[in-house]
Amino acid sequence: MQSQSPTHEFFPAPPSQTWKRYPRLLARLGMFTLIRELSLRGNFLVKVAVEVLWLGILLAFYETVFARTSMVASWPKQDYLFFVGCFFAINGVLETLFLENCNEFSNLVRTGDLDFLLLKPIDEQFLITCRRVDWSVSPNIIMGFCVMAVSLWNKGWEFDALRVALFAITFTCGVAIAYSFMLVLTSFSVWLVRNQSLMEMWWLFSSLARYPREIFQRGWANSLDVVFTYILPILLVVNVPSRVMVKTIEPKMVGFIMVVTVASLAASRWFFQRALRSYRSASS
Amino acid sequence: MTTPLKPDQDGMEYELQSPNLSATWHKYYRVFRVSLAERMTYRADFLLGTFLRMLPMVTTILLWQAIYEGSGKDTLAGFKYREMIAYLLLVHISRMFSSMPGLAAGISREIREGTLKKYLIQPLDLLGYLISYRAAHKVTYIVMAALPYGIIFYLCRFYFDGIPSASICAAYLLSLILSFLIGFYFEAAVGMVGFWFLDVTSILYIVITLNYFTSGQMLPIDLLPTFWAGFLKALPFQYMAYFPAVVYLGKVQGNDLIWGLALEAFWALFFAWLARYLYRRGLRHYGAYGG
C-alpha cells in the first residue's frame with residue numbers, strides 16, 4: 001500500500017489539475033452552505049415561500065396587464081411570460097451563486113477580513129464571489145424554468161434542437177455578462193468601502209434587464225436601447241436567450257452576445273484584480 | 001416637577017422623571033434631534049441612492065406606454081396613461097412616508113438580545129422613542145430627497161394636471177401623515193410578535209412581499225378584477241401607497257374622501273392600540289435574556 005507524504009500538498013499542482021479542483025471546491029462549498037441552511041429549516045422554508053410568493057405576485061401583475069391588452073411591445077402573452085420566466089431563472093442563478101457574496105465584499109474590505117481570503121492558495125475572484133451558495137433563492141431557477149415550460153406549452157411550441165442549443169448557450173452568456181457587471185460594481189467597494197448605492201446600481205441594471213428591448217425602441221428611449229445593448233450590454237442578458245426560443249433567431253445577436261461575454265468576463269476580471277491591488281488592509 | 005441632575009456639555013439637562021407633558025415632549029424632541037444628526041452622516045450615499053431608486057421609474061413609464069399602446073385604449077380602469085404614470089410616481093411619495101425599513105426587525109432583535117430592558121429601566125417609552133427616531137429619519141429623508149424628487153417630478157410634469165386645489169392638497173398631506181402612522185404602528189406591531197416568536201424576519205419577509213402588491217405599489221388596485229379590488233380596498237394596506245396617490249389625483253372626492261380619511265385615521269388608531277397592547281402583553285413574557 002502506498003503512503004502519501006503530507007508534504008505533497010505543499011507543492012503546487014500542475015495547471016490542468018489546479019483548474020479541475022474548482023468544480024469540486026464549488027460543490028464542497030455548496031454542500032457546506034446547504035448543511036448550514038438546513039440547520040435552520042424553518043427559516044429556509046419561509047425564504048423559499050417568499051420567493052414563490054414573489055413569483056406569484058409577478059404573474060398576477062402580468063395576468064392583470066394581459067387581461068387589458070393582448071400584446072406588450074410586440075410580445076404576445078405567452079412569449080412575454082417566457083421572457084419573465086427566463087429573467088427569473090437567470091436572476092435565480094445570479095442570486096444563488098454570487099449576489100450574497102458580492103454584497104458581503106464591502107464588509108470584508110471595511111473590517112479587513114479580506115486579508116484572510118487573500119492568503120488562501122486559491123483564485124481570489126473565485127473565493128470572494130462563490131464562497132457561499134444562497135440555497136434559499138435556488139428554487140427561483142426551477143420556478144423560472146417551469147414558467148418558461150408552461151408558456152411554451154400554452155403557446156404550442158414545437159421542439160427545435162437548434163433553438164434549445166442556442167438557448168442554452170445564450171442563457172449561459174447572459175449569466176456571465178450579468179456576473180461581470182456585478183463583479184465590477186463589487187470591485188468599487190475597495191475604494192468606496194460603503195457600497196449601499198452600488199447595490200442599488202445593481203438593482204437598476206437588473207430592472208433594465210427584465211424588460212424586452214422593444215419597450216426602449218421608441219422616441220427618446222432609443223438612446224437607452226443603444227447604450228444598454230451595445231455599450232453597457234445589460235439588455236442582452238435576458239433578451240437574446242428569450243428571442244432565440246420564441247422569436248426569430250438572429251445569428252448576429254447570438255454571435256454578438258458570445259463576443260460580449262468573453263470581453264466582459266476578461267474586463268471585469270482585470271478590473272477586479274486592479275481593485276485588489278488598491279486594497280489596504282483595514283485592521284490588524 | 002422634574003429633578004435636574006447635572007447639565008452635560010451641550011447644556012442638556014438629564015432628568016429622573018418626566019411627569020408632565022412638556023418634559024415628555026422635550027425628551028422625545030431630543031431623541032428627534034440626535035436621530036436627525038445621525039441620519040445626515042452619509043449624505044452623498046443617500047443622495048446617490050435616492051436618484052438610483054427612482055431611475056427604474058423610467059422603465060416603468062416605458063412599460064406602461066407599451067401596455068397602453070398594445071391595448072389600443074386611452075383609459076384602463078379609469079386611469080388615462082398620464083394618470084397612470086402620475087400614480088406610479090406618487091406611490092413613491094406615499095412610500096416615502098409609510099415605509100419603515102428595519103423597524104420590526106430592530107424591535108425583535110432588542111427583544112431577542114435582551115437590550116429592550118434599557119427602555120424598562122430608563123424613563124423612556126419604547127414606542128415613543130422609536131416614533132421620534134423614525135420621524136427624524138423621515139424628515140431628513142424628505143428634505144434630502146426634495147432635490148432628486150423635485151428634478152424627477154419636474155421632468156415628469158407633463159403627466160400631472162398641475163397642482164390640485166388647496167383642499168385636495170390638505171387632504172393629501174393628511175393622508176400622508178396618517179400613512180406614516182399606519183406604516184409605523186403596523187410594523188411596530190409585527191416587531192412585537194418577537195416577544196412570542198423571537199425572530200420575526202421570516203414573517204416580515206412575507207409581510208413586505210404581500211404589502212408590495214396589496215398596497216397598490218405595483219399598479220392601481222382598480223386594475224384588478226372587481227372582487228380582488230374590493231377586497232384589497234377593505235384592508236388597511238391600501239393607505240400605505242394607493243390611497244394618498246388617488247387623493248392627489250382627485251379620484252376620491254367629497255364624502256368618499258372624508259370617509260376614506262376617517263377610515264385611514266381609524267386604522268392608524270387601531271394599529272397604535274395593537275402595538276401598545278402587544279407590547280404590554282409581551283412584557284409579561286419577556287425574560288430579558290442576554291444584553
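## Chain A: make-up

Chain A has 12 helices and two strands, where helices (H or I, at least four residues) and strands (E, at least two) are DSSP runs numbered from the N terminus. Along the sequence the order of elements is α-α-β-β-α-α-α-α-α-α-α-α-α-α. This is a predicted model, in which local features need pLDDT of at least 70, side-chain atom pairs count only at pLDDT 80 or more, and totals for chains, interfaces and linings use all residues. Residues are numbered from 1 along each chain as its sequence is written, chains are lettered from A and ligands numbered from 1 in the order in which they are written, and side-chain values use heavy atoms, with hydrogens and water left out.

Of the 284 residues in chain A, 51% are buried; buried means under 20% relative accessible area, exposed over 50%, and partly exposed in between (1.4 Å probe, protein chains only). Among contacts (heavy atoms within 4.5 Å) between residues of chain A at least 6 apart in sequence, 80% join residues at least 24 apart. The accessible surface of chain A is about 14200 Å², and 66% of that surface belongs to carbon and sulfur atoms. Accessible areas come from the Shrake-Rupley method with a 1.4 Å probe; for residues, only the protein chains shown count as cover.

## Chain B: make-up

Chain B contains 13 helices and four strands. Its 291 residues include 49% that count as buried. Among contacts in chain B between residues at least 6 apart in sequence, 76% join residues at least 24 apart. Carbon and sulfur atoms account for 65% of the accessible surface of chain B, which comes to about 14600 Å².

## Positive phi in two loops

Most residues other than glycine have a negative phi. A:Ser74, not a glycine, has a positive phi of about 65°. A:Ser74 lies in the loop between strand S1 (71-72) and strand S2 (75-76) of chain A, and is partly exposed at a relative accessible area of 41%.

In chain B, B:Ala77 has a positive phi of about 50°, although it is not a glycine. The loop that holds B:Ala77 runs between strand S3 (75-76) and strand S4 (79-80) of chain B. B:Ala77 is partly exposed, with a relative accessible area of 26%.

Helix H8 (residues 166-192) of chain B has 27 residues and reaches 39 Å from its first C-alpha to its last, close to the 39 Å expected at 1.5 Å a residue. The expected span is 1.5 Å times one less than the number of residues. Because 19 of its 27 residues are buried, H8(B) is largely enclosed by the rest of the structure.

Helix H13 (residues 254-285) of chain B has 32 residues, which should span 46 Å at 1.5 Å a residue; its end C-alpha atoms are 47 Å apart, which agrees. Among its buried residues are B:Leu257, B:Leu261, B:Glu264, B:Trp267 and B:Phe271. The cover over the buried residues of H13(B) includes H7, H8 and helix H12 (242-248) of chain B.

## Packing of H4 on H7 in chain B

Helix H4 (residues 81-98) and helix H7 (residues 126-155) of chain B pack at an angle of about 170°, with axes 11 Å apart. H4(B) is therefore roughly antiparallel to H7(B); angles over 145 degrees count as roughly antiparallel, under 35 as roughly parallel, 65 to 115 as roughly perpendicular and the rest as oblique. Axes are lines fitted to C-alpha atoms, for helices over the stretch in contact, and angles run from 0 to 180 degrees between N-to-C directions.

The contact brings residues of H4(B), including B:Leu89, B:Ile93 and B:Phe97, to residues of H7(B), including B:Tyr141, B:Ile142 and B:Phe153. The residues of this contact divide into 11 nonpolar, one polar and two charged. Ala, Val, Leu, Ile, Met, Phe, Trp, Tyr, Cys and Pro count as nonpolar, Asp, Glu, Lys and Arg as charged, and the others, Gly among them, as polar.
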